[in-house]
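Let's take a walk through this model together, one piece at a time. Have the sequence and the 3D view open as you read.

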Amino acid sequence: MAKIFVVKTQVGQEENVANLFEKASKRTGKIYSILAPKELRGYIFVEGEDIDTIKRIVRHMRYAREVLDKDVKIEEIEHFLFPPSAVANIEEGMIVELISGPFKGEKAKVTRIDEAKEEITVELLDAMVPIPITVRGEQVRILKKEGE
Amino acid sequence: MKACRKCHKLTTRSTCPYCGESTSEHWQGYLIVIDAKNSKIAEKMGIKMPGKYALKVR
């Protein structure tokens, strides 16, 4: 029966460790999948038959630190498997603050949302002439909804 | 690496060799499926083929 274990890795080496696990699994077997979510730094999930096989692999692996003793249920990591869209909570007319890029700190009004590209088009509130700027959904923080 | 917009499989090509859909350079999250039959994660994601996948593709 498959169980999911948490493996601690060196920060920034999550994908590398996942690849090394894949390579090691060809020798050991009993590893079914490896998951490295973007939101989680310094940890990956390894799904396998038992913890001993994973511990044995980690012992000889560069960038991997340790295996946490308790396994996790699939329901606990489900939100990593289906990450929400970066524009999911954004609506046209909302007032947002740009949190990165050349206009960092500026307030702007959302004029268009591109769901597929997860981009939004905004107009800066303090600009003399309204110039549309397209930014990624992660680059803004919602300040006010329309009509608030 | 690029990810298929439809099946999320990672490839170096500009069209997915498995489903023919276009691929994108903008992807996040990394999943390697080794044994799709026994993997609960693969089952949850609806993956039936071993390989490398992205969790999110833009």
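A polar contact here is a pair of N or O atoms within 3.5 Å; within protein, one atom must be able to donate a hydrogen and the other to accept it, and residues adjacent in sequence count only if both atoms are side-chain atoms. With that rule, 13 residue pairs are in polar contact across the interface of chain B and chain A, both residues being at pLDDT 80 or more.

A word on the ground rules: this is a predicted model, where local features need pLDDT of at least 70 and side-chain atom pairs count only at pLDDT 80 or more, while totals for chains, interfaces and linings use all residues. Residues are numbered from 1 along each chain as its sequence is written, chains are lettered from A and ligands numbered from 1 in the order in which they are written, and side-chain values use heavy atoms, with hydrogens and water left out.

Back to where the chains meet. Counting contact as heavy atoms within 4.5 Å, 19 residues of chain B touch 32 residues of chain A. The size of an interface is often given as the accessible area lost when the parts come together. Buried area is just that loss, found with a 1.4 Å probe and summed over both parts. For chain B and chain A it is about 2,300 Å², and carbon and sulfur atoms give 60% of it.

Which parts of chain B do the touching? Helices (H or I, at least four residues) and strands (E, at least two) are DSSP runs, numbered from the N terminus. In chain B, β4 (27-33), α1 (40-45) and β5 (51-57) each supply at least two residues of the side that touches chain A. The largest share of that side, 7 residues, comes from β4(B).

(Two strands pair if DSSP finds at least two bridges between them.) Look for Tyr30(B) in β4(B), and you'll see Ala36(A) opposite.

Now for some charges. Side chains of opposite charge can pair when their charged atoms come close. A salt bridge is counted when a side-chain nitrogen of Lys or Arg lies within 4 Å of a carboxyl oxygen of Asp or Glu. The rule finds 9 salt bridges over all chains, and 3 across the interface of chain B and chain A. One joins Glu22(A) and Lys52(B), at 3.7 Å from N to O; this pair crosses from helix α1 (residues 14-28) of chain A to strand β5 of chain B. In another, Glu118(A) meets Lys56(B), with the closest N and O atoms 3.3 Å apart.

Glu118(A) turns up again in the hairpin of β6(A) and β7(A), which has 4 residues between the strands, and there Glu118(A) takes a positive phi near 55°. Strand β6(A) and strand β7 (residues 119-124) of chain A pair in the antiparallel sense over 6 bridges, with Val110(A) standing opposite Val122(A). Strand β6 (residues 107-114) of chain A also pairs with strand β5 (residues 95-98) of chain A, antiparallel over 3 bridges.

Chain B has an open sheet of 3 strands in the order β2-β1-β3, with antiparallel pairing. Since β2 (10-11) and β3 (23-24) of chain B stand at the edges, each with a single partner strand, one side of each is left without a neighbour in the sheet. Cys4(B) has Thr23(B) in β3(B) as its bridge partner.

Key
Buried area is the accessible area (1.4 Å probe) that two parts lose on being put together, summed over both.
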